[in-house]
Amino acid sequence: MKREDRKAAVDAYRKRKVAGGIYAVRCAETGECWVGRAPDLSKIRNRLWFTLGQGVSLNPALQAAWNRHGEQAFTLEIVEELEDEEVAFIREQALKERLDHWIAVLTAKPI
């Protein structure tokens, strides 16, 4: 790859639109649901599955369920995407508010 091509690819990656929002992780075996927020929803599944697979999740209840039932019992769904905000603070506040909303609606545990 030429230097100019590589530079253009990096620049395009930096300028891409990133969708933040709220996601839910569900265990089919128990019916349990965990809800979390992410500034970039495109990366959250890989991050969660990696930490759970390594046994280093920061959520003990989710990790215990994963260890007990295995990866095949879990699904991740996007429950809400937020509009792109220019200011990070506004986006973070909106994510917190929507997280609280979805925890209540889904009677879920927070991640």
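Tutor: Helices (H or I, at least four residues) and strands (E, at least two) are taken here as DSSP runs, numbered from the N terminus. The model is a predicted one, in which local features need pLDDT of at least 70 and side-chain atom pairs count only at pLDDT 80 or more, whereas totals for chains, interfaces and linings use all residues. Residues are numbered from 1 along each chain as its sequence is written, and side-chain values use heavy atoms, with hydrogens and water left out.

The part to look at is helix α3, which spans residues 60-69 and whose buried residues (under 20% relative accessible area, against over 50% for exposed and partly exposed in between, with a 1.4 Å probe and protein chains only) are L62, Q63, A65, W66 and H69. These five lie on the same side of α3, because they cover an arc of only 160° around the axis, the arc being that of the directions from the helix axis to the C-beta atoms. The other side of α3 carries P60, N67 and R68, which are exposed. The cover over the buried residues of α3 includes the strands β1 (21-27), β2 (33-38) and β3 (74-81), together with helix α2 (41-54).

The two ends of α3 also have local features. At the start of the helix, a side-chain oxygen of N59 comes to within 3.3 Å of the backbone nitrogen of A61, a polar contact (a pair of N or O atoms within 3.5 Å; within protein, one must be able to donate a hydrogen and the other to accept it, and residues adjacent in sequence count only if both atoms are side-chain atoms). N59 itself belongs to the loop between α2 and α3, and with a relative accessible area of 12% it is buried. If residues up to four places away in sequence are not counted, N59 touches W34, P110 and I111, where contact means heavy atoms within 4.5 Å. Just after α3, the backbone of G70 takes a positive phi of about 85°.

Among the elements that cover α3, helix α2 can be described in detail. Two packed helices are described by the angle between their axes and the distance between the axes. For α2 and α3 the angle is about 70° and the axes are 9 Å apart; axes are lines fitted to C-alpha atoms, for helices over the stretch in contact, and angles run from 0 to 180 degrees between N-to-C directions. The two helices are therefore roughly perpendicular to each other, a label for 65 to 115 degrees, where under 35 is roughly parallel, over 145 roughly antiparallel and the rest oblique. In this packing, W49, T51, L52 and G53 of α2 meet L62, Q63 and W66 of α3. By class, this contact has four nonpolar, three polar and no charged residues, with Ala, Val, Leu, Ile, Met, Phe, Trp, Tyr, Cys and Pro counted as nonpolar, Asp, Glu, Lys and Arg as charged, and the others, Gly among them, as polar.

Helix α2 also contains L41, which at a relative accessible area of 10% is buried. L41 and L52 are 11 residues apart in sequence, and their C-alpha atoms are 17 Å apart in space. Leaving aside neighbours within four places in sequence, L41 is in contact with A19, G20, G21, I22, Y23, I78, E80 and E81.

Apart from residues up to four places away in sequence, A19 touches P39, D40, L41, E81 and R91.

R91, in turn, is placed in helix α4 (residues 88-105), where it is buried at a relative accessible area of 12% and its side chain reaches the backbone oxygen of P39 at 3.2 Å.

Strand β3, which is among the elements covering α3, holds V79. With residues up to four places away in sequence not counted, V79 touches I22, Y23, A24, W102 and L106.
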